[in-house]
Amino acid sequence: MIFYLKADGGKEKMKYLVILMDGAADYPLAELDGKTPFQVSRKPHLDQLATVGELGLVQTIPDGLPPGSDVANLAVMGYDPKQYYTGRSPLEAVSIGVDLAATDVALRCNLVTLSGETDYQSRTMLDYSSDEISTAEARSLMAAIAENLNSPDFTFYSGFSYRHLLVWHNGCTDIQLTPPHDISDRKINSYLPSGSGADNLLKLMQQSSVILQNHPINLERIARGLRPATSIWLWGQGKKPKLDSFSTKYRVKGSVISAVDLIKGLGICAGLKVVKVPGATGTILTNFRGKAAAALDAFRSGQDFVYLHFEAPDEAGHRGEVENKIKAIEKIDSEVLGVILPELAKIDPEYRLLILPDHPTPLALKTHTADPVPYLIYRSDQKNRQPAGVSYDEAAAQATGNFQAKGYQLMDRFILDD
């Protein structure tokens, strides 16, 4: 651990900032002349840091585990997913204040838009987010779901936007469920719940479509030209997690800043402080500058570590929105790094940055992959290490030859290495 002298003779720890660009890594696209969104985006701050920092690739998804944000962010935070991963939804349950019993199984409950065939199993996944439905609208819909479907076995909870929670009391995790963002524009019949207890979950999904069909919120959305939420979709099952304290492990006081319950829940489980930012949405419309300002405020208040997460590139990847993915990267560069870099050195003369995606969300696939992602470690006292003109992108990172095979060890290098 590195310390430096304050003006009054005391000692303080260095400041450590992680900027996590969820799903920002991608594949070359023909419509971008064979380049990736990173390669075509205007990102002068990221590119400048790449010329003076350590650039490379990191494998955040271990073999045998799904390429999700839960697994990847566990690794980025320094936790071996093969040891600590218990499923996605329990982390989200922690974030919204649901105390899971040891025998409870948590499941993510998306509000989705399915096509309108009479036979439920013949429908198509049109939108995993119901046109990124607002939290206020979603809460009304989830209230109707809970009123009709809560039982001694199942309890529904409202979350944020399209992301909600089902707790299956004395439930089973030995069940096959598919993330809805993996099956955009596909018939759902091959991706319905299967395994022990699957019939119960499928019945809830089918019943929800009846409840939601003529709900006033959905009728209003249709009138406004927006997609209605026509069904719940259950996935991401798991049991209550237990993580070692991040502060104990790395001897720092830390905060997490994110719009999504998964990341906030992960932070809470790790003992980090969750910082709420007005206007943080998890989309391209999020309050980029507000989140940057919140990170600076956390450092000014005495925090040593901030995990600053942006969901917008991932959302654009899932929706196949090329322009919005490029725009998200550019906003992170201009409205986050552009705000933070001039101020961070004023707060503390020595600091470190770790900048990376958690996983790729290729626009051509509209879902996550397990490919390694580009990482950048910058130390404020660092001298030039890369050739002039090096940019922050997938190809440049690969060309360095730097490869971190075990993603969970990158945090050790970032904080503990002198």
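A cavity here is a set of grid points where a 1.4 Å probe fits but cannot get out, and its lining residues have an atom within 4 Å of a point. With that in hand, take helix H12, residues 312–319. H12 gives the most to the lining of the largest cavity: three residues. One caution before I go on. This is a predicted model.

Let me stay with the cavities. The structure holds two of 30 Å³ or more. The largest has a volume of about 100 Å³. Its lining counts 14 residues. Nearest the centre lie Arg88, Tyr162, His181, Glu311 and Asp314. Which elements give two or more residues to that lining? Strand E5, residues 105–114, and H12. By type, the lining of the largest cavity has six charged residues, five polar and three nonpolar.

Now the second largest cavity. The space in there is about 50 Å³. Glu92, Ile96, Arg108, Gly159, Arg163, His164, Leu165 and Asp261 line it. Strand E8, residues 163–168, supplies the largest share, three residues. Four of the lining residues are charged, two are polar and two are nonpolar.

On to the cores. In soluble globular proteins, nonpolar side chains tend to be buried together. In this model the largest nonpolar core has 80 residues. Who touches the most other members? Ile19, Phe246, Phe305, Leu308 and Leu356. Helix H13 gives the most to this core, with eight residues. A second, separate core has 38 residues, among them Ala138, Phe156, Ile175 and Ile232.

Leucine 308 then contacts Leu17, Val18, Ile19, Leu20, Ile257, Lys291, Ala295, Val336 and Ile340. Two of those names, Lys291 and Ala295, take us to helix H11, where both are buried.

H11 covers residues 288–300. H11 has 13 residues, so it should span 18 Å; the end C-alpha atoms are 19 Å apart, which agrees. The buried residues of H11 are Phe288, Gly290, Lys291, Ala292, Ala294, Ala295, Leu296, Ala298 and Phe299. Their cover includes strands E3, E12, E13 and E14, plus helices H12 and H13. Just after H11, glycine 302 takes a positive phi of about 110°.Next, helix H6, residues 135–149. H6 has 15 residues and reaches 20 Å from first C-alpha to last, close to the 21 Å expected at 1.5 Å a residue. Buried in H6 are Thr135, Glu137, Ala138, Leu141, Met142, Ala144, Ile145, Ala146 and Leu149. Ala138 is also a member of the second core. The cover over the buried residues of H6 includes E5, E7, E8 and E11 among the strands, and helices H7 and H8.

Last stop, glycine 197. Where does glycine 197 sit? In the loop between strand E10 and helix H7. Buried or partly exposed? The buried class ends at under 20% relative accessible area and the exposed class begins at over 50%. Glycine 197 has 25% relative accessibility, so it counts as partly exposed. Beyond its neighbours within four places in sequence, glycine 197 contacts Trp168 and Ile175. Ile175 is another member of the second core. The C-alpha atoms of glycine 197 and threonine 173 are separated by 9.1 Å, with the two residues 24 apart along the chain.

Methods:
Residues are numbered from 1 along each chain as its sequence is written. This is a predicted model: local features need pLDDT of at least 70, side-chain atom pairs count only at pLDDT 80 or more; totals for chains, interfaces and linings use all residues. Side-chain values use heavy atoms; hydrogens and water are left out. Helices (H or I, at least four residues) and strands (E, at least two) are DSSP runs, numbered from the N terminus. The expected span of a helix is 1.5 Å times one less than its number of residues. Buried means under 20% relative accessible area, exposed over 50%, partly exposed in between (1.4 Å probe, protein chains only). Contact means heavy atoms within 4.5 Å. A nonpolar core is a set of buried Ala, Val, Leu, Ile, Met, Phe, Trp, Tyr and Cys residues joined through side-chain atoms within 4.5 Å. On a 1 Å grid over the protein atoms alone, a cavity is a set of points where a 1.4 Å probe fits but cannot get out, and a pocket is an open set with protein on both sides within 12 Å along at least five of seven lines; lining residues have an atom within 4 Å of a point. Grid points are joined across faces, edges and corners, and a volume is the space filled by probe spheres set on the points. Ala, Val, Leu, Ile, Met, Phe, Trp, Tyr, Cys and Pro count as nonpolar, Asp, Glu, Lys and Arg as charged, and the others, Gly among them, as polar.
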